[in-house]
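This report is written for a reader who is meeting the structure for the first time. Please keep the sequence and the three-dimensional view at hand while reading.

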Amino acid sequence: MDLVAPVVVEPLRRRRCSECRQGPLERMIVEFNAPVCLDCADLGHLVFLRRGDTALTRRAREGSGLWAVVVRHNRRRTRYERQGLLVEEAALVRAEAACLADAEARARRRARDAARRAARDAEVTAALEAEILRLFPGCPGERAERIAAHAAAKGSGRVGRTAAGRALDPGAVTAAVRAAVRHVDTDYDALLMAGVPRHQARARIAPAIETVLRSWRAG
């Protein structure tokens, strides 16, 4: 048998119950074109659950023997819009407990996933640092560590996050080292701040970069 839920209206103007004459009514049903309060409609024991939490709404509705849809008329859009549900309080309590358990499980899963990602990122950074020192044995250890950490920073889009960087491609690793030398060991940044076009600035500092890289390669 198909279930037809009662429809409860939040009136836009002051209304009184046609049966008990109580009012103004916060919510009501309409019977024979007349307003009826929730107590007279035998819905007064239900509690309101505002729309927005899909999982909570679904669980509360499924666990409630009696429930109703709450709507309000939108004059601008000339239509009734759903505001939430009226459900049995015990069903809402059970639904909230189930959603809380789910939230805790999701939080634990997110924490485990974050730990695994952090471990993988640490492995990538360590491998990149080792490859930098292999290609450039004269590079100071702390510089290699900083270059690797910078290149492999999550979400940066830098060399260490690319497929070539993760595969420790020598060209990609060298590109990361060259970029670090460009910003730290030359006046490249100062040239940019002085208004020198990027390509011209790179051409000016290219010899200085190669000097540093040669010394690091030679060890």
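## Helix α5

At the start of α5, a side-chain oxygen of Asp-169 comes to within 3.0 Å of the backbone nitrogen of Gly-171, a polar contact in the sense of a pair of N or O atoms within 3.5 Å, where one must be able to donate a hydrogen and the other to accept it, and where residues adjacent in sequence count only if both atoms are side-chain atoms. The model is a predicted one, in which local features need pLDDT of at least 70 and side-chain atom pairs count only at pLDDT 80 or more, while totals for chains, interfaces and linings use all residues. Residues are numbered from 1 along each chain as its sequence is written, and side-chain values use heavy atoms, with hydrogens and water left out.

Helix α5 has 15 residues and reaches 21 Å from its first C-alpha to its last, close to the 21 Å expected at 1.5 Å a residue, the expected span being 1.5 Å times one less than the number of residues. Helices (H or I, at least four residues) and strands (E, at least two) are DSSP runs numbered from the N terminus. The buried residues of α5 are Ala-172, Val-173, Thr-174, Ala-176, Val-177, Ala-180, Val-181 and Arg-182, where buried means under 20% relative accessible area, exposed over 50% and partly exposed in between (1.4 Å probe, protein chains only).

## Two nonpolar cores

A nonpolar core is a set of buried Ala, Val, Leu, Ile, Met, Phe, Trp, Tyr and Cys residues joined through side-chain atoms within 4.5 Å. The largest one holds 24 residues, of which Leu-128, Ile-132, Ile-147, Val-177, Val-181 and Trp-216 touch the most other members. Two or more residues come from each of α2 (89-135), α3 (141-151), α5 (170-184), α6 (188-193) and α7 (198-218), and α7 gives the most, with 6 residues.

Leaving aside residues up to four places away in sequence, the contacts of Trp-216 (heavy atoms within 4.5 Å) include Phe-136, Pro-140, Arg-143, Ile-147, Val-177 and Val-181. Apart from this core lies another, of 14 residues, among them Cys-17, Ile-29, Leu-38 and Val-70.

## Strand β5 and its partners

Strand β5 (residues 68-74) is mostly covered, with 5 of its 7 residues buried. Strands pair if DSSP finds at least two bridges between them: β5 pairs with β1 (residues 7-9) in the parallel sense over 3 bridges, and Val-8 stands opposite Val-70. On β6 (residues 79-87), 7 bridges join an antiparallel partner to β5, with Arg-72 opposite Glu-81.

β5 and β6 form a hairpin with 4 residues between them, and Thr-78 in the turn has a positive phi of about 50 degrees. Asn-74, found in β5, is buried at a relative accessible area of 16%; the side chain of Asn-74 reaches the backbone nitrogen of Arg-77 at 3.0 Å.

## Salt bridges

The structure holds 11 salt bridges, each a side-chain nitrogen of Lys or Arg within 4 Å of a carboxyl oxygen of Asp or Glu. Glu-10 forms one with Arg-72, the closest N and O atoms being 2.6 Å apart, and this pair links distant parts of the chain, 62 residues apart, with Glu-10 in the loop between β1 and β2 (28-31). Glu-10 counts as buried at 7% relative accessibility, whereas Arg-72 counts as partly exposed at 34%.

Arg-27 forms a salt bridge with Glu-26 at 3.6 Å between the closest N and O atoms, and Glu-10, Glu-26, Arg-27 and Arg-72 are linked in a network of salt bridges.
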